[in-house]
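Hi,

Here is the structure I promised to pass on.

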Amino acid sequence: MRMLSLLALLVACCLPVTAYTADDQAWRQRASAAPPEMTSDDVTEEIRFGREVAARLIGRYGLYNNDQLTKYVNLVGLSLAVNSNRPELTYHFAVLNTSEINAYAAPGGYIFVTKGAIDKMKDESELAGVIAHEMGHINGKHVVRELDIKATEGSAVSGLARLIGGGTESARLAFSKAVDKAMDTLFTTGYKREDEIQADKETVMLCAVAGYDPAGLIRYFERISAAKGKSTEVLDKTHPAYDARILLLKETKTAAAIESAVLKTYKDRFSDAMKSVQ
Amino acid sequence: MHTVRITIALLALVFTIVQQASAQETQYVQSVKAKVFSAPSFKASVLGEASRGTRLRSIGREGSWMKISYYGKDGYVAAILLSASRPMAKHTMIKAEDTEFQQGVRRRASTYTSAAAARGLAADDRRRLSGDDKLDYDGLERVEKYAVSEAELVRFMEGGTI
Amino acid sequence: MSLQLFNAARAMVFILFMMSSVSTADEFHYNNFLIGDRATGMGGAYAGVSDDPSGLYYNPAGIVYSTGRNLSASLNSYYNQTKKYDSVISGIGWERRSTSLLPNFFGIIQPLGKFKFGFSYAVPDSIREDQDQTFTGSFPTSLGQPATRYTINFNNEDTTYLIGPSLAVELNSKIAAGMTLYLYHRSNQSILNQFIALQDNTSFLWENSYIEKVERGYKPILGFMITPMDRLSIGLSLAKTFVYSSSVDVQLSKVDQTGILSLPTMIGDSTTPKYPVEVRLGAAYFPTSSLLLSADLSYYTKVENPNGDRVNVVNLALGSEYFLDKNWAVRGGLFTNMANTPELDPTRFNQEEKVDLYGMSLSISNFTRNTSVSFGGAVTTGSGKAQIQQDVSNIQNVDVLGWLIFLSSSYSY
């Protein structure tokens with residue numbers, strides 16, 4: 001019967017099995033449901049949120065007060081920021097006063113690198129790589145999406161809708177809880193695996209576009225993976241293993257046909273900047 | 001059945017047409033400047049440089065590169081520099097937010113803080129309870145106020161010393 | 001059995017032009033109303049999409065892929081249909097109009113752990129039929145003299161309600177399953193009033209029939225959604241209405257110049273009717289986030305019912321949805337609503353009409369962050385055959401034209 005053969009054909013279509021990730025069905029999302037353009041209010045909310053996270057980070061570690069180093073880190077960061085795909089944000093950079101080896105990004109454009117991390121670096125491309133990775137988290141709106149940070153829709157309709165829906169926390173986390181959760185992400189659980197992968201991939205291109213050798217980040221990881229210990233505790237806990245990251249960075253670099261030879265490391269400039277630092 | 005057969009044929013035709021059409025999308029340049037290369041490689045020749053806000057017609061994606069139509073030729077731009085929506089203007093916090101820039105840690109209560117208060121826990125209580133999480137708004141203010149001049153940045157990006 | 005009862009009661013009188021059928025037009029089709037905000041604009045080609053509350057009716061498995069946390073949708077529609085029967089009485093045609101204005105769908109979806117729970121209310125069929133005509137002239141009758149005046153008033157209301165919960169789960173990354181269990185309630189009230197004045201100005205015949213039908217049952221819908229490859233979704237759903245209680249009450253009164261011919265008494269009947277198995281197979285293709293194309297094939301099995309046998313029916317629907325930008329979308333669809341009655345045999349009497357209907361739908365929607373509003377309409381048309389006169393083998397041509405406008409909204413929060 002024709003009906004049966006049609007059915008059989010359709011069943012046959014189901015047989016080819018390919019490995020699917022969690023976001024398989026993302027293509028079902030229609031244009032209206034797609035991550036909507038961030039409105040100016042959403043950005044305000046993001047910055048307000050990010051400021052509290054940043055304030056906590058500074059509160060926890062304190063700032064490393066060295067004008068030369070601060071200026072240097074800002075210059076490197078800003079030279080990457082001109083290539084950011086979030087021109088609405090003003091990026092801010094600072095060095096945290098701790099021997100821990102890590103870097104942190106707070107939504108809204110706040111990027112911190114620890115003194116401990118800088119001590120382990122040997123050239124500017126390594127610093128650029130670390131900053132670029134954090135920028136990848138902000139540009140990819142990883143925390144904002146995960147915690148659903150957005151401006152409230154103030155219309156009567158949505159208010160009524162929320163009322164009907166029970167008005168429970170399932171719709172939105174309270175601000176304070178969200179900040180706690182963000183801190184958790186930075187210190188305990190880490191970002192989602194796919195977000196870390198995306199950030200690492202984008203680091204390679206961002207560095208290359210800005211003229212930095214993306215292999216800098218690879219060299220940096222190789223060095224600190226050899227020096228694993230107390231100072232890398234948080235970094236190890238919250239990020240994928242170094243080998244996996246190094247492999248991904250190398251693959252992305254090769255796939256994009258990026259050649260280190262034509263890109264910069266600014267070793268001398270880096271050494272000059274570090275002269276004022278113990 | 002006759003109608004079913006026609007329908008299936010029609011659908012097959014539509015699928016192929018749609019596949020063609022769906023490959024084209026609009027992208028906007030988000031970075032200050034974006035180089036357009038003639039091939040998906042930094043070693044390729046540069047066809048030109050598009051500035052922020054330029055609208056490009058994307059005809060496909062190859063790995064980390066977006067293939068675009070650039071003055072009649074095929075050009076490649078790093079995908080991270082583009083986005084499907086227009087670049088937003090530089091965001092400035094509204095004046096009311098300036099209260100947060102005051103000395104000390106006093107902040108105007110936000111609706112969220114009030115919500116937390118309604119749940120029996122005011123912002124300060126939470127801070128105390130969470131142990132080692134102090135808020136340093138003074139430090140944050142210093143970080144935000146730190147600026148480098150445009151000239152300095154341009155010189156730095158061109159390889160100059162700090 | 002009610003049809004037989006009714007006809008037996010009136011076998012005494014043989015009038016050429018009196019209406020014979022007591023079944024309503026809606027019984028003759030399975031796809032009278034499109035259900036739900038998005039599905040209506042897409043011609044009902046929804047089994048492969050079903051990823052919002054409209055899916056609770058078409059293919060509950062699809063709601064697994066709904067986005068957002070809670071969703072609710074409602075639809076208010078106005079429906080109007082005109083049926084013209086030609087040459088019923090001495091070359092004059094009959095016109096029957098039906099209208100309906102009602103909210104015909106409401107649904108919500110709530111995620112519950114690994115499952116998606118849904119609840120919906122749907123009115124898949126509703127008719128309010130009206131005919132008021134008076135014919136004057138000279139019409140032959142079997143009463144010994146011609147009639148000079150014939151008046152017919154016909155009012156028929158027939159509505160089917162479905163209400164019930166749904167549950168869906170993703171079995172693996174490519175297959176989802178779901179089930180809706182609807183409670184089914186149908187109520188039908190039909191009043192037919194016919195008056196004939198005969199030539200001698202004293203003789204007359206006045207007949208009034210009142211039929212009330214209530215059916216109660218349940219309608220489970222079992223659905224599957226398969227994703228064989230990226231951007232292609234195949235849906236399959238199976239449904240059947242099971243009636244566990246049915247009551248039909250007929251009251252017939254007949255009076256003529258000699259007196260009461262038939263006292264109004266209620267005659268009851270509780271045979272439960274049978275409904276077909278409904279198989280719906282749909283495919284949906286999502287090439288971009290702006291475009292969606294879908295096609296559905298529905299198959300209804302044949303049914304043997306004392307009220308009249310139903311043949312198997314195949315309906316086809318094609319739908320599309322296109323986003324002009326993230327705030328505006330247009331939807332369009334084509335669909336069939338084929339008759340479930342057999343072809344009319346020119347040698348038999350009292351057969352049910354057969355009209356195959358074809359339709360087209362169109363709608364436009366506006367989206368904001370959490371809400372969407374849709375406005376649209378559909379047109380159905382078709383022509384076929386009827387044998388509207390009692391005990392006579394004349395077959396009339398019937399033309400049907402119906403249109404529907406609707407306004408719906410949905411919220412996500």
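C:Arg231 is partly exposed, with 16 other C-beta atoms within 10 Å. (A residue counts as buried if 20 or more other C-beta atoms lie within 10 Å of its own, exposed if 12 or fewer, and partly exposed in between, with C-beta atoms placed from the backbone.) You'll find C:Arg231 in the loop between strand 6 (204–229) and strand 7 (232–240) of chain C; helices (H or I, at least four residues) and strands (E, at least two) are DSSP runs, numbered from the N terminus. Most residues other than glycine have a negative phi.

Before going on, some housekeeping. This is a predicted model, so local features need pLDDT of at least 70 and side-chain atom pairs count only at pLDDT 80 or more, while totals for chains, interfaces and linings use all residues. Residues are numbered from 1 along each chain as its sequence is written, and chains are lettered from A and ligands numbered from 1 in the order in which they are written.

A:Lys141 has a positive phi too, of about 50°, and is not a glycine either. A:Lys141 sits in the loop between helix 5 (124–139) and helix 6 (142–146) of chain A. With 17 other C-beta atoms within 10 Å, A:Lys141 is partly exposed.

Still in chain C, C:Val279 belongs to strand 11 (residues 277–285) and is partly exposed, with 19 other C-beta atoms within 10 Å. Leaving aside neighbours within four places in sequence, C:Val279 is in contact with C:Leu238, C:Ser298 and C:Tyr299; contact here means that the C-beta atoms of two residues, placed from the backbone, lie within 7 Å. C:Val279 and C:Leu297 are 18 residues apart in sequence, and their C-alpha atoms are 8.2 Å apart in space.

Now the A–B side of things. In all, 50 residues of chain A are in contact with 47 residues of chain B. The side of chain A that touches chain B takes its largest share, eleven residues, from helix 2 of chain A. By class, that side has 26 nonpolar, 13 polar and eleven charged residues (Ala, Val, Leu, Ile, Met, Phe, Trp, Tyr, Cys and Pro count as nonpolar, Asp, Glu, Lys and Arg as charged, and the others, Gly among them, as polar).

Is helix 2 of chain A buried or exposed? 17 of its 22 residues are buried, so helix 2 of chain A is largely enclosed by the rest of the structure. The length works out as well: at 1.5 Å a residue, the 22 residues of helix 2 of chain A should span 32 Å, and the end C-alpha atoms are 31 Å apart, which agrees. (The expected span is 1.5 Å times one less than the number of residues.) Just after helix 2 of chain A, A:Gly62 takes a positive phi of about 85°.

On to the cores. A nonpolar core is a set of buried Ala, Val, Leu, Ile, Met, Phe, Trp, Tyr and Cys residues joined through C-beta atoms within 7 Å. The largest one has 91 residues, and those with the most contacts inside it include A:Leu57, A:Val95 and B:Val77. Helix 3 (residues 67–81) of chain A gives this core its largest share, eight residues. Apart from it lies another core, of 47 residues, among them C:Val123 and C:Phe406. Not counting residues up to four places away in sequence, the residues that A:Val95 touches include A:Leu63, A:Tyr64, A:Val73 and A:Ile118.

Chain B has five helices and seven strands, and buried residues make up 20% of its 162 residues.

Last, the confidence values. pLDDT is the predictor's confidence in each residue, from 0 to 100. Chain A averages 82, with 81% of the residues scoring at least 70. Within chain A, pLDDT stays under 50 over residues 8–22, for which the model has five contacts beyond four places in sequence. Chain B averages a pLDDT of 71, and 61% of the residues score at least 70. Over residues 95–130 of chain B the pLDDT is below 50, and this stretch has 25 contacts in the model beyond near neighbours in sequence.

Cheers
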